[in-house]
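Dear colleague,

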Amino acid sequence: MFKIPEHQVAGHQAKDGILGPLIDDSGNFYKPLQNDERGSKEIAFYTSLSSDPRVPDNIRRYFPIFRGTKAINASDGSGLQPHLVLEDVVSSYQSPSVMDIKIGSRTWDPQASESYIEKCLKKDRESSSLTLGFRISGLKLVTSSKDASVWQPGRKFLQNLAANDAKLVLSRFVSSNVASNDNIHPDCSFASKVFGGPSGILEQLLELKKWFEVQTIFHFYSCSVLVVYERESLMKGSSSSGAVVKLVDFAHVADAKGAIDHNFLGGLCSLIKFISDVLEAPVENGICNNYCSKDEH
Ligand SMILES: O=P(O)(O)O[C@@H]1[C@@H](OP(=O)(O)O)[C@H](OP(=O)(O)O)[C@H](O)[C@H](OP(=O)(O)O)[C@H]1OP(=O)(O)O
Ligand SMILES: Nc1ncnc2c1ncn2[C@@H]1O[C@H](COP(=O)(O)OP(=O)(O)O)[C@@H](O)[C@H]1O
């Protein structure tokens, strides 16, 4: 009944007897509750999100639906363990293309231990978090569902991108010619249908930004924007990409104590600028002008 999620792109993964999330056939995503304060923080967040009247209805749709907790057999063979039961946000896609972008220059919350802060500071400094205000934690793009081929760059490569290369990766994420040749200029041919349009990724991020400009309830440290779309249907000429933004990972959410979450807001603004640039770059001869580097992998 429980399976390892095929489309998970970051975080702890349930393979090789490791503790990680599981899914079922009914659209549920079971995230193991880490048995330190991270598990309780994530439950506290979802519980408070569900009941807090200050969270506007239009913003709730950016979070996976929370269906409580349940003890299920854990992926590491340790027997019944408590899991968060969340909506599996990719379950309605035939072959979802997914990108996880961890937002904010700083990924530790004020209550973290000295050793955890030190570990995060190192990762933030060595990744694009400090320079860009976000880092791409993982990405998987289905290039052909017929032979199950995918484009899935290494996580270390993705996390350490300079600005030009981040633009290149975002461009490739919405290009039709990813499979053909690693060095080919991305054509960005799906940019307008995935990033653009009245219900595209950019509009969704802008709606979230509006809320982050005023909300003083939560500080979202180490939280990710998950971008999902159905590439296969675009390849076949459909005009609908099913592009959605979801926020995931609330193990480090802190009380905002009445202050704006400038860390998340800054990272979100930076991501919005990158996506706007990809969208606005004029395409000449089918080639996207924001192509920047030849040596990515
Ligand atoms: O253990 P690591 O080094 O893989 O770090 C995990 C991160 O992996 P990454 O830095 O992307 O390679 C991982 O990052 P992603 O979710 O993969 O972006 C989380 O930050 C995870 O922390 P938590 O479960 O949210 O508290 C991190 O786990 P903890 O180190 O906090 O347990
Ligand atoms: N509700 C969900 N539905 C589908 N996939 C999810 C969901 N939540 C997380 N994921 C997948 O799992 C990955 C890691 O999730 P995350 O909550 O960040 O775990 P961790 O705390 O281990 O870092 C995400 O990048 C995404 O691919």
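Ser26 lies in the loop between E1 and E2 (helices, H or I of at least four residues, and strands, E of at least two, are DSSP runs numbered from the N terminus). This is a predicted model, in which local features need pLDDT of at least 70 and side-chain atom pairs count only at pLDDT 80 or more, while totals for chains, interfaces and linings use all residues. Residues are numbered from 1 along each chain as its sequence is written, chains are lettered from A and ligands numbered from 1 in the order in which they are written, and side-chain values use heavy atoms, with hydrogens and water left out.

With a relative accessibility of 61%, Ser26 counts as exposed (buried means under 20% relative accessible area, exposed over 50%, and partly exposed in between, with a 1.4 Å probe and protein chains only). Ser26 and Asp88 are separated by 62 residues in sequence, yet their C-alpha atoms are 8.8 Å apart in space.

Leu22 has Tyr30 of E2 as its bridge partner. Both strands belong to an open sheet of four strands, with antiparallel pairing and the order E1-E2-E4-E3. Its edge strands, E1 (22-23) and E3 (66-73), each pair on one side only.

**Strand E6 and its partners**

Strand E6 (residues 134-144) has 10 of its 11 residues buried, so it is largely enclosed by the rest of the structure. Strand E5 (residues 96-103) pairs with E6 in the antiparallel sense over six bridges, and Val98 has Lys140 of E6 as its bridge partner. E6 is also joined by three bridges to strand E7 (residues 149-151), and these two run antiparallel. Here Val142 stands opposite Val150 in E7. The hairpin of E6 and E7 has four residues between the strands, and in it Ala148 takes a positive phi near 55°.

**Helix packing on H10**

Two packed helices are described by the angle between their axes and the distance between the axes. Helix H8 (residues 201-212) packs against helix H10 (residues 262-280) at an angle of about 155°, with the axes 10 Å apart (axes are lines fitted to C-alpha atoms, for helices over the stretch in contact, and angles run from 0 to 180 degrees between N-to-C directions). H8 is therefore roughly antiparallel to H10 (angles under 35 degrees count as roughly parallel, over 145 as roughly antiparallel, 65 to 115 as roughly perpendicular and the rest as oblique). The residues making the contact include Leu202 and Phe212 of H8 and Phe264 and Cys269 of H10 (contact means heavy atoms within 4.5 Å).

The axes of helix H6 (residues 163-173) and H10 come within 10 Å and cross at roughly 60°, which means that H6 is oblique to H10. Among the residues in this contact are Ala163 and Leu170 of H6, with Phe274 and Val278 of H10.

**Cysteines**

A search of the whole structure finds zero disulfides (a disulfide is a pair of cysteine sulfur atoms within 2.5 Å). For Cys223, the nearest cysteine sulfur, that of Cys120, is 14 Å away. Cys223 is buried, with a relative accessible area of 0%. For Cys269, the nearest cysteine sulfur is that of Cys223, 15 Å away. Cys269 counts as partly exposed, at 30% relative accessibility.

With kind regards

Terms used
Pairing = 2+ DSSP bridges.
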